Amino acid sequence: MTQKERMLAGKVYFCNDEALMAEQMACLEKLYDFNQTRPSETEKRAKLLKELLAEAGENLYIEPPLHANWGKNTHIGNNVYANFNLTLVDDEDIYIGDNVMFAPNVVVATAGHPILPELRERVAQFNMPVHIGNNVWIGAGAVVLPGVHIGDNTVIGAGSVVTKDIPANVVAVGNPCRVLREIDERDRKYYYKNLEIDWENL
């Protein structure tokens, strides 16, 4: 197997492989172009995202700077918004559903390194895909680690470190991230603490 085949198969591989580094450099050049766009250049940004990402849905808006290892291993659905400093460590596939929101400084990582020092000395790495469902909100400074699945409609609290799967329709917070509660009828009435949603005006 080549190092790229090992990379995409979840096996231990060496990320300093020259062929891999050359391919990654082309992606990083495209990412640089995206991050240098002016705020008014919305059409140019949209075009560059479609070139950079594996899939870029309709109404995708990402605030620069965006950081990504590859870009082309990230699949993003429709109506997705990402605030400043989204980091996609997409050495494997990242799947992001529709209507997802990322607050500032979120990290989604597919890559890890073996614990064994002898392997890390040789720049060994492994990757596991990440799946983020539809209508998910990920709070500021959250970190999503390799292999994680986050279910539809779930909210990940700010500063959380998501180390394992989180089900649909819950609020989950903490380090490590744990389910705090289900989304329920109270959320239909209140949007923040005891502030009520004025449905008649929405």
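In which strand is the place of Asn 127? Asn 127 lies in strand E12, which covers residues 124-127, where helices (H or I, at least four residues) and strands (E, at least two) are DSSP runs numbered from the N terminus.

The model is a predicted one, in which local features need pLDDT of at least 70 and side-chain atom pairs count only at pLDDT 80 or more, while totals for chains, interfaces and linings use all residues. Residues are numbered from 1 along each chain as its sequence is written, and side-chain values use heavy atoms, with hydrogens and water left out.

**Around Asn 127**

Asn 127 is buried, with a relative accessible area of 0%; buried means under 20% relative accessible area, exposed over 50%, and partly exposed in between, with a 1.4 Å probe and protein chains only. Its side chain takes part in the polar contacts listed below, a polar contact being a pair of N or O atoms within 3.5 Å, of which, within protein, one must be able to donate a hydrogen and the other to accept it, and residues adjacent in sequence count only if both atoms are side-chain atoms.

| Side chain | Partner side chain | Distance |
|---|---|---|
| Asn 127 | Tyr 13 | 3.0 Å |
| Asn 127 | Gln 125 | 3.1 Å |

Not counting residues up to four places away in sequence, Asn 127 also touches residues including Met 7, Asp 91 and Thr 110, contact meaning heavy atoms within 4.5 Å.

**The nonpolar cores**

A nonpolar core is a set of buried Ala, Val, Leu, Ile, Met, Phe, Trp, Tyr and Cys residues joined through side-chain atoms within 4.5 Å. The largest such core has 36 residues, and Leu 66, Phe 102, Val 108, Ile 132, Ile 138 and Ile 156 touch the most other members. Among the elements that give two or more residues to this core are helix H2 (18-35), helix H3 (42-52) and strand E4 (66-68), and the largest share, 3 residues, comes from H3. A second, separate core of 5 residues includes Met 7, Tyr 13, Leu 20 and Cys 27.

**Helix H3**

The buried residues in H3 include Arg 45, Leu 48, Leu 49 and Leu 52. Seen down the axis of H3, its buried residues fall within an arc of 105 degrees, taken from the directions from the helix axis to the C-beta atoms, so they line one face of the helix. On the other side of H3, Glu 43 and Lys 47 are exposed.
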